[in-house]
Amino acid sequence: MQTQHNCQLIRFSVPFKTQFGFSLWIVGSSQTLGDWKVEGARKMHWEMRNYWSIQTFVDQADLNNTKWEYKYLLRDDKSEKFEWENGPNHVVELERADAPYLKKVFDKFQYAEQETHTKIIPKSQATAVIVLGKSLFQHGEPHYSLISRMSTSANFFLQNHAKNKDDVMIVTGGKVRSDVFSEAQVMKDLAMQEGIEADRIIMEESANNTIENALFTLDLLYELGISSVVIITADYHLPRVQTIFERILPKHFKRTYKAEHPDLTPLERNQEEANEQKMLKDLDAHLANYGITKK
């Protein structure tokens, strides 16, 4: 008799408008959510339209815990004091299933309505070629290095994955600097210009940084049932990308990393490499903000 649920990944989202200097956290009865201890609460992340969300792997200690209770906490980031959500606890139930699944929970603050979605993770022999974006100029024009990256990635896809019609390309990047287009939309257009069919390209348009590239792409991979990936980015970016994806991808995923070598000026390359060194130095702290610790 099966006693464990098979939920591998859970995502909580709630609409809530905060003032500057405040953040939203979640705490609950599961080990994943801190076991009702404020010091174990998980910080959520602000998204567009005043949504706060967090996506996390389910702790091994919670495999037998099919009913979670939880609350949202409002934190004054200056004083570091928490205010607990009023009303009864939220409750989410994790179904037992034969296949792994992703659970999405959409709440209303102070215990109003709740909507949940359970996505069974199918098995697939397909491979996803994941191409990471680069910030666009203000009016949506791509940097020439992004054009080069997409040309390299498209040629790689056409040479190695065109014959398997289940293989896809995932382009990931939101509206980081441009108010006009997402990075993913521009990347898709560039890939199509190189000869890849539109229905082979999947856009991830929410990520605002490399950690979110990995998290939100993993969400898509679960939905597609794909556990074999090729990850493409610039050579100077690759060490940080590889560190992040190794922390986030499940162990059973087959992964390959491919570096694209953009033709940068010496000054541009020095600036990019210096920025990456700084980001790598602070990476553990940034990952911890998303509840991601060393495996």
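In helix α1, the buried residues (under 20% relative accessible area, with exposed over 50% and partly exposed in between, 1.4 Å probe, protein chains only) are Ser 145, Leu 146, Arg 149, Met 150, Ser 153, Ala 154, Phe 156 and Phe 157. This is a predicted model, in which local features need pLDDT of at least 70 and side-chain atom pairs count only at pLDDT 80 or more, while totals for chains, interfaces and linings use all residues. Residues are numbered from 1 along each chain as its sequence is written, and side-chain values use heavy atoms, with hydrogens and water left out. Helices (H or I, at least four residues) and strands (E, at least two) are DSSP runs, numbered from the N terminus.

Helix α1 covers residues 144–160, 17 residues in total. From first C-alpha to last, α1 reaches 24 Å, close to the 24 Å expected at 1.5 Å a residue. That expected span is 1.5 Å times one less than the number of residues.

What do the buried residues of α1 pack against? They meet β11 (128–132), β12 (168–172), α2 (183–193), β14 (228–234) and β15 (254–260). Contact here means heavy atoms within 4.5 Å.

Take the helix partner next. Two packed helices are described by the angle between their axes and the distance between the axes. Axes are lines fitted to C-alpha atoms, for helices over the stretch in contact, and angles run from 0 to 180 degrees between N-to-C directions. α1 and α2 pack at about 50°, with their axes 9 Å apart. The two helices are therefore oblique to each other. Angles under 35 degrees count as roughly parallel, over 145 as roughly antiparallel, 65 to 115 as roughly perpendicular and the rest as oblique. Leu 146, Ile 147 and Met 150 of α1 make the contact with Met 187, Leu 190 and Ala 191 of α2.

Now the sheet. Strands of a sheet pair through backbone hydrogen bonds, either parallel or antiparallel. Two strands pair if DSSP finds at least two bridges between them. Here 5 strands form an open sheet with parallel pairing, in the order β13-β12-β11-β14-β15. β13 (201–204) and β15 are the edge strands, each pairing on one side only. On average, neighbouring strands of this sheet are turned by 20° against each other, direction ignored. Between β12 and β13 there are 4 bridges in the parallel sense. Met 169 has Ile 201 of β13 as its bridge partner.

α1 lies across β11, β12, β14 and β15, running at about 170° to β11. Helix α4 (residues 238–248) also packs on the sheet, where it touches β11, β14 and β15. The direction of α4 makes about 165° with that of β15.

Strand β1 (residues 7–15) pairs with β9 in the parallel sense over 6 bridges. Cys 7 has Tyr 101 of β9 as its bridge partner. In β9 (residues 101–107), 6 of 7 residues are buried. β1 also pairs with β5, in the antiparallel sense over 7 bridges. There Leu 9 stands opposite Phe 57. β5 (residues 51–57) has 5 of its 7 residues buried. Strand β4 (residues 45–47) joins β5 through 3 antiparallel bridges, with Trp 46 opposite Trp 52.

Strand β2 (residues 22–28) is mostly covered, with 6 of its 7 residues buried. It runs antiparallel to β6 (residues 67–76), joined by 7 bridges. Ile 26 is partnered there by Tyr 72. β2 also runs antiparallel to β3 (residues 42–43), joined by 2 bridges, and Lys 43 of β3 is the bridge partner of Trp 25.
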